[in-house]
Structures are given as C-alpha cells and as structure tokens.
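My notes follow in the order I took them.

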Amino acid sequence: MVLHEIVARIQVRKRELDISVSDLARRSGVSRATVIRILGGEDYEFSFANLQAILLALGISLELTEIPAKQFRDQIATAKAKRLIALTQGNVALESQAVSRASAQSHLEEAKARIESSSRKLWAS
C-alpha cells in the first residue's frame, strides 16, 4: 500500500466514524494542523509516528509485511535482468536478428545470476 492509498483510507475511515479533525487531533495526540496536512494528501512531509497515531485513533492497523531477503533480492535481480534483456532484444531487433525464447530465457538467467552476485549492481538504479 502506498502513502496516498493510506491517506485515502484515513479519509474514508474518518467519514465512516463521523469524527471531526479536532477530535481526531485530540484522540491521536497529533496537532490539528498536522492532521489537516496529512488529510490534505499533498504534503507527505510528516513523521511516521504522527501517521501511526492517527491510524490507531481511527482503529486502523498498518501491517508491514517483510518479503524474505532471498526472495526480494531475486525479484530485484529478475527485474533488472529483464530490463537488460529487453535492451539486448531491442538491439537484436534493430539488426534484424531473431532471438529464440529459449535463448532469451538463458540470457535472462545469466544476467540475473550476474546481478545477484554483486549487491552493488543489484541496488544501483
């Protein structure tokens, strides 16, 4: 869930509970001005503690799910490898040479293995 979705959920829940901004500020311990800024949804410069206090005051839990490190690294490496393969396929297409599906999969696995072997390459954009 991204931040604008969380803010949208806060707005919906506030309406469901029919709670005023002042009451939400008082219940959460967050200043009224900060509550208004968060509910405005355009200025995302606020602390996580304030966001969490508002969520708790509205009875909303924020679950953070952690993907296992190996799985996450694999997802990042796969995405990077796919981008590299797409670039390669684009160059090959420009040269009017076809790449078989098996060859493309082989290149993908090879690129992924190279990316995974270096955390510097994995985390670079």
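I began with the packing of helix 3: its buried residues pack against helix 1 (3–17), helix 2 and helix 4. The model is a predicted one. I listed the buried residues of helix 3 as Thr34, Val35, Ile38 and Leu39. Looking down the axis of helix 3, I found that these buried residues fall within an arc of 130°, so they line one face of the helix. After helix 3 comes Gly41, with a positive phi near 70°.

Next entry: helix 2 against helix 3. How do the axes of helix 2 and helix 3 cross, and at what angle? I read that the axes of helix 2 (residues 21–28) and helix 3 (residues 32–40) come within 9 Å and cross at roughly 115°. Angles of 65 to 115 degrees count as roughly perpendicular, and helix 2 and helix 3 are therefore roughly perpendicular to each other. I noted the crossing of helix 2 and helix 3 as right-handed. On the helix 2 side, the contact is made by Val21, Ser22, Leu24, Ala25 and Ser28; on the helix 3 side, by Arg32, Val35, Ile36 and Leu39. By class, I have 6 nonpolar, 2 polar and 1 charged residues in this contact of helix 2 with helix 3.

Last entry: Leu55, which I located in helix 4 (residues 48–57). Is Leu55 buried or exposed? Buried means under 20% relative accessible area, and Leu55 counts as buried because its relative accessibility is 2%. Setting aside neighbours within four places in sequence, I found Leu55 in contact with Ile6, Ile10, Ile60 and Leu62. For Leu55 and Ile10, I noted a separation of 45 residues in sequence and a C-alpha to C-alpha distance of 7.0 Å.

Notes. Residues are numbered from 1 along each chain as its sequence is written. This is a predicted model: local features need pLDDT of at least 70, side-chain atom pairs count only at pLDDT 80 or more; totals for chains, interfaces and linings use all residues. Side-chain values use heavy atoms; hydrogens and water are left out. Helices (H or I, at least four residues) and strands (E, at least two) are DSSP runs, numbered from the N terminus. Buried means under 20% relative accessible area, exposed over 50%, partly exposed in between (1.4 Å probe, protein chains only). Contact means heavy atoms within 4.5 Å. Axes are lines fitted to C-alpha atoms, for helices over the stretch in contact, and angles run from 0 to 180 degrees between N-to-C directions. Angles under 35 degrees count as roughly parallel, over 145 as roughly antiparallel, 65 to 115 as roughly perpendicular and the rest as oblique. A crossing is left-handed if the near helix is turned anticlockwise from the far one by less than a right angle, and right-handed if clockwise. Ala, Val, Leu, Ile, Met, Phe, Trp, Tyr, Cys and Pro count as nonpolar, Asp, Glu, Lys and Arg as charged, and the others, Gly among them, as polar. The arc is that of the directions from the helix axis to the C-beta atoms.
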